[in-house]
Amino acid sequence: MSWLDPAGLYRPGATIVHRSPLGVRLGGLALLGVGLVVLRGPWSALGVLVVTVVLAVVARLPWRSTLRGLAPVLVTAALVGGYQTWRRGWPVGVELAADLVSLVLAATVVTVTTRADALLDAAVRALRPLRRVGVDPEAVALAISLMLRTMPALVTMAGETRDAARARGLDRSPRALLVPLAIRAVGRAQTTAEALTARNLPPPQPR
Amino acid sequence: MIELERAGVTVSAADGTTRVLLHPTTVTLSERRVAVIGANGSGKSTLARLVNGLRPPTTGRVRTLGLDVAEHGPEVRARVGFVFTDPDAQLVMPTAVEDVALSLRRSIPRRREREDAARAWLERIGLGDRATTPVHALSGGQKQLLALAGVLATEPRVLVCDEPTTLLDLRWRRVVDALLDEVDAQVLLVTHDLDAARRADRVLLVHEGRVLHDGPAGSTVDAYVALMAVR
């Protein structure tokens with residue numbers, strides 16, 4: 001496994017989390033989000049974090065890639081927590097940092113234990129009532145799947161662009177990385193749009 | 001059956017100029033294997049995109065399986081599969097089995113049945129053991145096979161392949177070629193691989209935006225080789 005493997009990609013398994021109904025997993029994630037806003041104080045936040053870590057252990061998340069994937073979130077949580085501790089005291093700092101890590105880790109547990117196809121079906125079902133106001137559930141669900149697929153592709157693209165910059169002696173130039181990367185990303189988006197049209201995706205809405 | 005009737009496409013260049021490609025092209029392609037050859041930028045890919053309406057003609061008319069591609073784009077694309085040069089652009093789901101299953105969403109509403117059908121397609125093309133492998137972890141050849149499986153799963157009547165083997169090594173090129181040879185659908189193959197072109201029933205040579213030669217494989221490929229001779 002390389003660092004290109006994103007933390008949230010589906011991994012087949014037979015754990016109790018994998019076998020639980022998808023509604024329970026998504027409903028649990030939504031409840032957790034609401035709970036984190038409603039419950040105040042560092043101890044409840046730390047309690048939720050412990051529960052989330054236990055869930056991740058039970059779901060057998062691969063720790064190495066999960067930690068690598070969560071690294072930016074952990075850094076952000078440390079910075080936000082540190083700043084809030086300095087400005088408003090340690091209880092607020094700990095609460096904010098723990099809430100952030102809990103939420104991202106819980107979402108990772110859901111995506112690691114859920115096939116994108118099942119997420120797509122669930123999203124289509126959940127968005128069906130919005131069809132009346134012009135929302136195409138299949139298109140929104142497909143956009144979610146595309147996002148999951150595009151993340152590792154963008155990481156690969158960034159690596160290739162960085163190597164190209166290095167090959168030309170531009171190791172330390174952010175411009176030599178960001179400009180071509182942005183252009184390639186837009187190019188890829190255009191090709192993907194063409195490929196989706198060729199595959200007749202998203203499927204037309206039933207009339 | 002693919003019919004181009006005085007068809008042409010206006011394209012814009014990066015410098016703001018426009019030019020008309022392929023006009024006027026009038027051909028009826030009913031052969032089972034048709035190859036399109038020509039130099040880079042000659043208009044081959046534009047011709048391929050005319051067939052399923054990805055590029056509607058700006059002049060003339062294109063009919064595929066009797067349907068006007070400009071008027072019935074989605075209906076045409078439901079019957080015409082398209083394989084791109086770079087499979088990465090075509091694969092939109094995180095794992096192999098999910099990508100093939102995505103193609104089957106319209107025809108098989110139940111997820112379990114859809115997944116079984118997708119796995120069967122993966123077995124058929126030799127990727128059965130890669131069903132839950134993340135797409136980004138597959139090799140270039142495996143990705144192209146997967147893209148092909150995603151298209152074949154919809155059981156198209158016409159299959160358009162835009163340089164499907166250009167990015168592949170010899171081994172994977174042979175695997176993809178063999179798979180294309182077995183396909184029941186009519187195949188329109190845009191290619192730089194002259195060996196593959198020689199196996200076609202009919203070959204079109206596109207040069208500088210025009211169909212310069214149209215005929216049996218041998219004479220058309222020979223005409224292309226002569227045209228490309230370095231002087």
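**Chain B and its partner**

Mentor: In chain B, residues 24 or more positions apart account for 63% of the contacts with a separation of 6 or more; two residues are in contact if their C-beta atoms, placed from the backbone, lie within 7 Å. This is a predicted model, in which local features need pLDDT of at least 70 and side-chain atom pairs count only at pLDDT 80 or more, while totals for chains, interfaces and linings use all residues. Residues are numbered from 1 along each chain as its sequence is written, and chains are lettered from A and ligands numbered from 1 in the order in which they are written.

Trainee: What is the radius of gyration of chain B?
Mentor: Chain B has nine helices and ten strands, where helices (H or I, at least four residues) and strands (E, at least two) are DSSP runs numbered from the N terminus. For 231 residues the globule rule gives 17 Å, and the value for chain B is close to that, so the chain is as compact as a globular protein of that length. The radius is taken over C-alpha atoms, and the rule is 2.2 Å times the number of residues to the power 0.38. The radius of gyration of chain B is 18 Å.

Trainee: Is B:L65 buried, partly exposed or exposed?
Mentor: B:L65 is found in the loop between β4 (59-64) and β5 (67-68) of chain B, and has a positive phi of about 50° although it is not a glycine. A residue is buried if 20 or more other C-beta atoms lie within 10 Å of its own, exposed if 12 or fewer, and partly exposed in between, with C-beta atoms placed from the backbone. B:L65 has 17 other C-beta atoms within 10 Å, so it is partly exposed.

Trainee: Where is A:N200, and how many other C-beta atoms lie within 10 Å of A:N200?
Mentor: A:N200 has its place in the segment after α8 of chain A. Its phi is near 60°, a positive value in a residue other than glycine. A:N200 is buried, because the number of other C-beta atoms within 10 Å is 20.

Trainee: Which element gives the largest share of the side of chain A that touches chain B?
Mentor: In this interface, 29 residues of chain A are in contact with 25 residues of chain B. The elements of chain A that give two or more residues to that side are α6 (116-127), α7 (137-167) and α8 (174-198). The largest share, eight residues, comes from α8(A).
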